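Hi everyone, I've got one structure to walk through today. Let me put it up first.

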Amino acid sequence: MSASSNVGGTGSAGAGGSKPQKRETVQSLNPPATVRRIAERLEEAGFETWCVGGAVRDAMLGHPHLDWDLATAAKPEEVKKLFKRTVPVGIEFGTIGVLDINNVMHEVTTFRRDVQTDGRHAVVEFGASLEEDLARRDFTINALAYSPKLDEMRDPYNGRKDLERKIIRAVGDPWDRMREDRLRALRAIRFASRFGFEIDPGTWAAIVDSSSHLSRLSPERVKQEIEKTMDQVRFPSQAFAKWRDSGALAALIPSLAHVTDRQLRPLDHLRRPIPPGRPARRITRIAALFAAAPGVTVRKTLKDLRFSNSETEWIAILIERWQQLGPSMTRALLDVEEAYARDPWQDRTPPSGVMRRWAASAGRTRLAPLLRLADAFWWAAREAGQPAPYKQTVAATYKRAVKIAYKDAIELADLALDGTDLAKLGITGPQVGVTLRRLLEAVINDPGQNTRERLMKLAKETQT
């Protein structure tokens, strides 16, 4: 299905063309005082300065945004002279980070025009006007500029109208925009999915056409786009369905090229990693995405995308445990519901021994994300009319299972004896590991066995 099925129009720049619209006073925008002070300092030094980018767009949508950036006529060296605390974020592209009194960094970028691009990198030239700077932006909703000094909006490409119509449209010719930076195809999809917008037909056609060139993107940029999608988009299945339909998945992640809508749906039931500082939520969403890939390809694909070794292992093992335990976990919870339906006095969780076995197989720290992943897959199954545990059963099981994982003995290190104790019984070499695993199995079945005396007795019995 086309990402732009209900939207009319073409991929043109809009009624505004390349000519700036008349200046408009805007009362709804209110940049933070710290941002206004940076702009005032630049203006007082004689440099025209405007707020640009995502903060202006989000403010127009009524969304809070702390990351205010500015575009100015000042060159990088002039910006550095005006402010005490600066960071050379991308000085070759004209960007200097200016730290405000709250230690929040704001990017201040010199008005620029592209001289040369190769689909990944651009060579820029300073000395451009605001209008030339806005002309190099990707989408009309990002080609907005606001002057705190004048309380004026510049909108040469009708970005405000596209915000009202909920359309993602490229600035100018969409094929040119995609050729300049292939990442724009993925950014368009992320913005559309994040805001619930449609993609203009001409822009969508250019995105599809661009898909065969996406392999030119660095793996790091693709990984970053996946992570931003997981962080920013409430329903990621919509974004990755567009990756698939545009050909982006075939070009960038071939193992997911034929992923179905049904396989993507669990993503929408997993929470976004907000507030910031909840990376585990992002990782679980990524695991749900790659669970649709053939298991043997997961580790290589993640490494190729430059996920760290620890991230790769965590995600791969989480997927493996779901594939191994998922059927038995599903059956166990359905059995509980059947028993509960016959007798409402029944407990709505599986037996403790069953959950200890899950914890032992998944690992103490991995059980909670495994159950969250399972919950997402069960939710998608129920939505599709397939048998799956209900939310109440899953919630009760989650709460009890996580307690068990951290309270009961489920790992070799939790046993009340170790190899030194076994050596006193004459158990050495490979037999130590074999015996410890047998003892752990006994303790998982009956936690009361986890005393040194009882385990020593069991160890003796295993040798006879």
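Predicted model: local features only at pLDDT ≥ 70, side-chain atom pairs only at ≥ 80, totals over all residues.

Numbering runs from 1 along each chain as its sequence is written, and side-chain values use heavy atoms, with hydrogens and water left out.

The protein has 21 helices and 12 strands; those are DSSP runs, H or I of at least four residues for helices and E of at least two for strands, numbered from the N terminus. The C-alpha trace spans about 90 × 50 × 40 Å along its principal axes. Of the 464 residues, 49% count as buried, meaning under 20% relative accessible area with a 1.4 Å probe, protein chains only, while exposed is over 50%.

Now, helix α18, residues 391–407. Its 17 residues reach 24 Å from first C-alpha to last, close to the 24 Å expected at 1.5 Å a residue, with the expected span being 1.5 Å times one less than the number of residues. Which residues of α18 are buried? They're T393, V394, T397, A401, V402, I404 and A405. They sit on the same side of α18 because they cover an arc of only 160° around the axis, taken from the directions from the helix axis to the C-beta atoms. On the other side, Q392, K399, K403, Y406 and K407 of α18 are exposed. And the cover over those buried residues includes α15 (309–342), α16 (352–362) and α17 (367–383), with contact meaning heavy atoms within 4.5 Å.
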